[in-house]
Amino acid sequence: RADGQPVSGAFVTVKSASVRVPEIAIVTDSDGRFEIRLPAGVFTLQGHAGGLIGERQFVNPGDATIDIVVQ
């Protein structure tokens, strides 16, 4: 969200990847947290909640933690 608060129940998907990954969709927990283990590569993750969409592209060196803001 624009106010920086976590969003519970948001769907998170891998929108694009520089390496092959299975189709993944995860729902955030009550604290707005989720975990996806991905190999090294370039990824775009997308979060959907209540008609809102947030995207984040990042380079994963093999073990990274990121935040996605849904606003």
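# Questions on a predicted chain

Me: Of the 71 residues of the chain, what percentage count as buried?
Reply: This is a predicted model, in which local features need pLDDT of at least 70 and side-chain atom pairs count only at pLDDT 80 or more, while totals for chains, interfaces and linings use all residues. Residues are numbered from 1 along each chain as its sequence is written, and side-chain values use heavy atoms, with hydrogens and water left out. A residue is called buried under 20% relative accessible area, exposed over 50%, and partly exposed in between, with a 1.4 Å probe and protein chains only. By that rule, the share of the chain's 71 residues that count as buried is 27%.

Me: In what order do the elements of the chain run from the N terminus on?
Reply: Helices (H or I, at least four residues) and strands (E, at least two) are DSSP runs, numbered from the N terminus. The chain has 0 helices and 4 strands. Read from the N terminus on, the order of the elements is therefore β-β-β-β.

Me: What is the radius of gyration of the chain?
Reply: This radius is taken over C-alpha atoms, and the globule rule used beside it is 2.2 Å times the number of residues to the power 0.38. For 71 residues the rule gives 11 Å, and the chain's own value is close to that, so the chain is as compact as a globular protein of that length. Along the principal axes, the C-alpha atoms fill a box of roughly 30 × 20 × 15 Å. The radius of gyration itself is 12 Å.

Me: Leaving out residues up to four places away in sequence, which residues does Ile36 touch?
Reply: Ile36, which belongs to the largest nonpolar core, lies in the loop between β2 and β3. With a relative accessible area of 19%, Ile36 is buried, because the cut-off for that word lies above this value. Contact means heavy atoms within 4.5 Å, and, once residues up to four places away in sequence are left out, those that Ile36 touches are Val12, Ile24 and Ile26.

Me: Is Glu35 buried or exposed?
Reply: Glu35 is found in the loop between β2 (25–27) and β3. The C-alpha atoms of Glu35 and Val12 are separated by 9.6 Å, although these residues are 23 residues apart along the chain. Because its relative accessibility is 53%, Glu35 counts as exposed.

Me: What is the relative accessible area of Thr44?
Reply: The place of Thr44 is in strand β3. Leaving aside neighbours within four places in sequence, Thr44 is in contact with Thr13, Val14, Lys15, Ser16, Glu55, Arg56 and Gln57. Thr44 counts as buried because its relative accessible area is 9%.

Definitions and conventions: A nonpolar core is a set of buried Ala, Val, Leu, Ile, Met, Phe, Trp, Tyr and Cys residues joined through side-chain atoms within 4.5 Å.
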